[in-house]
Amino acid sequence: MSDKFNIADGINRTCSCKTLNSELLAKQLEKYQDIFNSRPNLFSSTMAFISESEVQKMKTLIETIEKVVENESFQETVINKSPKIAHQDFHTRGVFMGYDFHINEDGPQLIEINTNAGGALLNAELARAQHDCCIEVAFDKKIEEKFVHMFRNEWNLQRPKKS
């Protein structure tokens, strides 16, 4: 399928499903009420879909960045310009290492690389406040289990092996 028209474009043009249960989300976010109240447009009630080719472009860019970061020369340059606290190797990549993209007519554009949890818990709440509107849409309502698994893995990587 060409990039000019793909399944994602078709769904974006024809699907007007509102998947978000705003009342449920508001109830779930009571503990974050200051965030929710100060940013009423933080969550959209509709979705945007992306094509496989856009996903592949993002994956390719992420793989390229990660190869550069693994390069010893790059690491040496960064370490030499970093404060001493940054010189320790933690042997992990970080549970919530994330790459944020915006999609426009030129395709995916990397806007930032995050190394922290950011909105992970808010997104877990968002997923639970959704209903599946069509076969192409299915939400992971148990994402926190995956978060816990990732944290445990990171924890184990940080701990010295007992001999």
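Analyst: A helix axis is here a line fitted to C-alpha atoms over the stretch in contact, and angles run from 0 to 180 degrees between N-to-C directions. The model is a predicted one.

Two packed helices are described by the angle between their axes and the distance between the axes. In this case the helices are α4, residues 52-70, and α5, residues 72-80, with axes that come within 5 Å and cross at roughly 70°. Because angles of 65 to 115 degrees count as roughly perpendicular, α4 is roughly perpendicular to α5. On the α4 side, V68, V69 and E70 make the contact, while α5 contributes E72, F74 and Q75. Sorted by class, this contact of α4 with α5 holds three nonpolar, one polar and two charged residues.

The strands form another element of the model. Strand β1, residues 98-104, pairs with β2 in the antiparallel sense over seven bridges. A hairpin through two residues joins β1 to β2. Within this pairing, Y99 has I113 of β2 as its bridge partner.

The side chain of N114 makes a polar contact with the side chain of D100 at 2.8 Å. Neighbours within four places in sequence aside, N114 is in contact with F96, M97, G98 and D100.

Definitions and conventions. Residues numbered from 1 in each chain as written. Predicted model: local features only at pLDDT ≥ 70, side-chain atom pairs only at ≥ 80, totals over all residues. Heavy atoms only, no water. Polar contact = N/O pair within 3.5 Å; in protein donor to acceptor, adjacent residues only side chain to side chain. Contact = heavy atoms within 4.5 Å. Helix = DSSP H or I, 4+ residues; strand = E, 2+ residues; numbered from the N terminus. Parallel < 35°, antiparallel > 145°, perpendicular 65-115°, else oblique. Nonpolar A, V, L, I, M, F, W, Y, C, P; charged D, E, K, R; others polar. Pairing = 2+ DSSP bridges.
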